[in-house]
Amino acid sequence: MAASESMYIEHFSEESRPLDYYLKKMNGYTASKKAFGMSQDDIIGEMKKSNLRGRGGAGFPTGTKWGFIPKQSTKPKYLVCNADESEPGTFKDRDLMRYTPHLLIEGMVIGGFAIGAHAGYIYIRGEYTREAILLNQAIKEAYAKGYLGNNIQGSGFNFDLTVHRGAGAYICGEETGLLNSLEGKRGEPRVKPPFPAQAGAFGGPTIVNNVETLTAVPYIINRGGEWFAKLGKLEKSGGTRLFCVSGHVKKPGLVELPAGSVTLRQLIYDHCGGILNDRKLKAVIPGGSSAPVLTPDEIDVIVDIEPMMKIGTMLGSAGIMVVSEDYCVVRLIQRITKFYAHESCGQCTPCREGCKWMEDILERIEDGHGREQDLALLLDISDNINGKTLCALGDAAAGPVISFVKKFRTEFESHIRGGKCPNA
Amino acid sequence: MTKKILSQKFYDEMDQLVPRYPTRVALLLPALHVAQAETGWLPPEVMEEVASYIGIHPAQVKEVASFYTMYNLKPVGKYHLKICTNVACCLRGAEALVEHCERKLGIVCGETTRDKKFTVMEEECLGACGTAPAMMLNDDYHENLDVQKLDGLLNGLE
Amino acid sequence: MPKCLIDGREVEFAPGTNLIEVARKAGIEIPYFCYHPGLTIVAQCRMCAVEIEKMPKLQTACSTVATEGMVVKTRSDRAVQNQKSIMEFLLINHPLDCPICDKSGECDLQDFSFKYGDAYSRYTEERRTYLDLDMGPVIKKNMNRCIHCTRCIRFGTEVANIHEMVAVERGNNTEITTVDGRPLETDYAGNYADVCPTGSLTLKDFRFRKRVWYLKKTPTVCEGCSRGCNMEIHQEANTIYRCLPRENMEINKYWLCDEGRFNFHYVNDPERVLDPKAGGNVTNWEDAIQAAKTALEGRKLTVLVGSDLTQEEATLIQELLPKVFPGAGLFHFGTPAITSASEDAPADKILKRKSKTANLHGLEKLKIHGLKTPIATEAVLVIRGGRAVLPDMKSIKTVVGIGVFTNTQSGNFAAVLPGLTFAEKNGTIVNFEGREQKLKRAILPLGQSKPLSETLMMWMNRKKAEHTSAMETTGAEAR
């Protein structure tokens with residue numbers, strides 16, 4: 001990818017953080033100035049043209065989402081940035097916030113202007129303590145120079161931005177769980193409808209966007225939605241995106257590439273150096289731990305939203321975790337299920353009871369106390385959770401279990417019949 | 001009138017935040033962070049004081065504080081280690097780090113050493129998968145760890 | 001009115017109605033736990049999920065509003081499978097306490113498990129258990145039985161206006177509790193047991209006292225204040241075991257305050273005078289009445305009428321008073337400091353009223369006025385039910401009581417003629433809105449207590465057959 005195509009990676013260093021750098025080297029705060037001269041409909045039009053898909057995991061077209069906000073509202077509207085980044089395997093928003101915070105700030109100013117919100121919140125996961133401090137410093141810089149606050153750049157538009165720290169709960173990455181947490185409550189997801197665009201934060205129409213999604217906005221406004229759409233190689237997916245590759249690769253880390261431009265195989269072997277210690281690939285978890293697992297013969301899929309859905313998994317947050325023959329997959333899915341059971345908010349029956357049940361069964365199997373009927377039982381429990389819960393955490397727990405049991409059945413069976421983990 | 005435990009700094013810092021939210025209840029998560037930064041953990045008396053400041057029932061504070069893992073409802077040691085044992089970190093050897101800590105400090109995950117110096121816990125994904133294995137030591141991330149680095153780090157802590 | 005199709009049946013519905021209620025109107029039961037028509041909808045238990053045409057996933061009926069032409073299947077294969085799986089999930093940690101649980105016989109978990117669940121569980125892991133914290137004198141908590149429907153939490157915050165019942169921790173470890181074992185503060189704590197679909201929250205007052213299938217239920221009205229909440233008396237063999245609220249959307253919706261709920265205890269109180277007394281000693285009716293007449297003869301008399309009496313009783317007294325006690329003043333009493341209906345007002349923002357008797361407004365409608373000044377006469381005839389607070393009568397030389405008294409209250413009375421409590425009689429009472437409601441007899445008169453009409457007839461030496469109030473009935477009806 002040419003440097004001119006890079007929106008992010010080339011700026012990922014300590015030097016890029018200050019406002020000065022943003023102004024001089026990244027056309028800082030010119031996009032918002034341009035946006036103030038556009039109508040709300042025009043801005044949303046550009047966003048739609050750009051084919052920007054939500055980068056948090058759901059992949060919903062951002063322009064369409066912004067269009068859901070009603071023009072008139074008796075309650076104040078809000079723009080909320082989902083910086084909760086807790087999906088295992090995902091680590092892109094952290095770098096965006098600590099290296100290019102002004103991209104996010106400016107993206108929110110434009111977003112706020114487009115939907116008519118005068119207050120924005122950045123809900124940042126509590127563990128990103130240092131990143132929150134850096135964000136606040138950048139916000140202070142922006143306020144001082146009139147890029148935030150009242151009458152931004154003489155436009156007459158007022159926008160206030162507040163960093164709100166979470167406190168350790170994956171479920172607060174779910175947009176309505178996040179809104180409840182913002183309001184000072186337990187981060188429990190809400191029944192939908194009403195959707196946040198109708199009644200979100202503090203009862204007002206609200207848009208919740210991922211960090212990476214919002215950082216694309218200044219680029220889209222400055223260079224046009226069409227430019228952004230053309231960057232992406234697939235019809236419905238615009239721009240470049242950050243892929244998070246981790247696990248058993250020689251060069252783990254962030255890779256920025258045009259959307260839809262690369263297969264999993266290319267990503268792992270060409271961009272990340274191939275498998276650690278030149279071992280054999282065993283499995284790839286392609287979209288954060290919520291994505292069903294892929295086997296080595298499935299990695300020629302293009303890493304983008306629609307192609308991944310077609311083969312029964314998802315791109316999600318683009319958190320790609322590579323597993324070589326050096327780790328037991330049964331142990332892996334046990335640990336993943338333990339994560340979901342731990343993070344379940346506990347509201348709805350299938351997730352609260354079912355995730356823990358699956359965790360217990362998988363632990364027994366990994367410890368060598370599995371029974372023949374456990375695999376059918378696991379598949380049945382997952383089926384009873386999948387699609388039956390109040391929010392997507394249930395699906396995120398069930399999908400991987402189903403995929404691991406089906407695709408690595410022999411490994412489970414050897415645990416059960418052998419009475420122990422053959423990899424231990 | 002119960003004696004106040006939190007300092008004036010808490011009240012000043014919170015008062016600064018009041019205009020940023022349309023409701024008082026929204027101050028709860030920030031308030032618990034600020035209070036915990038002062039007192040290290042959240043005993044019932046501190047939660048009552050936070051409840052009183054915001055103007056809500058103490059049960060409302062408890063229900064929120066107990067939902068989130070970062071709010072300590074039990075005392076923690078001077079050095080609070082949270083070692084990620086989620087997917088990417090496990091793939092890169094996090095389990096060995098946990099074992100090493102437990103052996104070196106003589107405690108099991110979740111416990112605090114008798115001299116109240118170290119608390120060790122397993123943690124979920126910290127968002128540092130590219131530099132796994134990673135852990136939090138109080139507010140800071142330590143990444144690209146291995147047993148030697150961790151050992152050196154622990155030895156260097158007063 | 002718009003129409004939809006539920007299990008093939010066409011149902012008309014009012015716009016905005018959720019599918020559970022629409023189905024209910026069509027006589028179709030959709031099982032649920034977390035839903036409650038008096039509380040906000042949370043769609044958490046997932047038990048009410050139904051199949052709706054054109055929607056790929058099952059939808060919770062509680063959170064889905066019916067629309068014109070909607071086609072709903074409540075017993076499709078997928079819906080039935082979901083019901084079975086939810087029941088299985090709920091029962092994996094639920095203890096098999098039915099044989100020792102008060103809720104047995106009126107338990108949603110039991111009923112829906114029987115109708116919609118499987119007869120077995122596949123769970124072989126260790127069960128989750130909790131330590132129980134005490135919650136105070138009203139509610140007994142058993143957290144192991146809880147199915148996390150959160151109705152109790154919502155009742156507290158939405159109806160009782162107190163954020164005392166909360167969920168702590170999260171996920172499978174979620175515990176519903178008060179903070180640090182604090183007792184419940186609300187005056188409406190009894191409702192926590194009503195909303196709980198299992199035996200997790202039960203009334204300490206009722207604990208282990210009676211299996212619910214033995215209880216006979218009588219719909220009546222609470223006499224605790226001038227609101228007149230609708231209520232049910234549950235009794236067996238003439239002993240009242242508990243009172244529960246009865247739904248009335250215009251007066252008390254689904255709720256009852258604790259004062260009203262536990263008021264009934266005085267009916268079976270061993271201290272209650274159930275035999276006629278003269279000069280402090282038990283005697284027969286003739287002698288007691290004679291003693292009463294003698295005590296009051298020739299004296300200046302004040303007649304005090306409790307505002308806990310019914311319209312029929314008060315009317316009778318009004319009619320007979322000039323004949324039996326010409327010149328006597330007639331006043332009502334009931335709540336200290338509330339001497340007239342105009343002084344009655346709400347006592348809280350929920351249900352309670354300042355007047356602690358049910359028929360204050362009824363008596364004033366009959367133009368009976370409240371006692372405003374200290375009693376000036378040397379003799380008093382006091383007629384009351386069990387609620388009206390007796391004024392200070394220490395300086396009164398002669399007191400005769402008709403109605404409900406304890407031994408202590410009537411210790412120095414010249415005569416006591418025992419009468420009926422609200423649970424033992426039919427009658428009309430008028431609430432603060434002017435609404436007439438009916439008390440209904442739930443138990444037969446205890447001991448030798450008699451209806452007021454009978455007592456007054458005996459006093460006037462008239463045979464019962466000549467003047468029987470239409471509202472007084474024989475014991476046959478109570479059976």
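The legends below describe close-up views of a predicted model. Residues are numbered from 1 along each chain as its sequence is written, with chains lettered from A and ligands numbered from 1 in the order in which they are written. Because the model is predicted, local features need pLDDT of at least 70 and side-chain atom pairs count only at pLDDT 80 or more, while totals for chains, interfaces and linings use all residues.

**View 1. The contact between chain B and chain C.** Here 10 residues of chain B are in contact with 11 residues of chain C, contact being taken as C-beta atoms, placed from the backbone, that lie within 7 Å. Helix 4 (residues 58-65) of chain B gives the most to the side of chain B that touches chain C, with five residues; helices (H or I, at least four residues) and strands (E, at least two) are DSSP runs numbered from the N terminus. By class, that side of chain B has five nonpolar, three polar and two charged residues, where Ala, Val, Leu, Ile, Met, Phe, Trp, Tyr, Cys and Pro count as nonpolar, Asp, Glu, Lys and Arg as charged, and the others, Gly among them, as polar.

**View 2. Helix 8 of chain A and its surroundings.** Eight of the eight residues of helix 8 (residues 175-182) of chain A are buried, so this helix is largely enclosed by the rest of the structure; a residue is buried if 20 or more other C-beta atoms, placed from the backbone, lie within 10 Å of its own. These buried residues pack against strand 1 (78-83), strand 2 (119-124), strand 3 (160-165) and strand 4 (206-210) of chain A, together with helix 2 (28-39) of chain B. Just after helix 8 of chain A, G184(A) takes a positive phi of about 90°.

**View 3. Helix 8 and helix 10 of chain C.** Helix 8 (residues 311-324) of chain C packs with helix 10 (residues 452-459) of chain C at an angle of about 10°, with their axes 11 Å apart, and the two are therefore roughly parallel to each other, a term for angles under 35 degrees. Axes are lines fitted to C-alpha atoms over the stretch in contact, and angles run from 0 to 180 degrees between N-to-C directions. E313(C), L316(C), L320(C) and V324(C) in helix 8 meet L452(C), S453(C), L456(C) and W459(C) in helix 10.

**View 4. An open sheet in chain C.** The eight strands have the order 14-13-20-19-18-15-16-17, with mixed pairing, two strands being paired if DSSP finds at least two bridges between them. Strand 14 (281-282) and strand 17 (369-370) of chain C stand at the edges, each with a single partner strand, so one side of each is left without a neighbour in the sheet.

Conventions
Two residues are in contact if their C-beta atoms, placed from the backbone, lie within 7 Å. Angles under 35 degrees count as roughly parallel, over 145 as roughly antiparallel, 65 to 115 as roughly perpendicular and the rest as oblique. A residue is buried if 20 or more other C-beta atoms lie within 10 Å of its own, exposed if 12 or fewer, and partly exposed in between; C-beta atoms are placed from the backbone.
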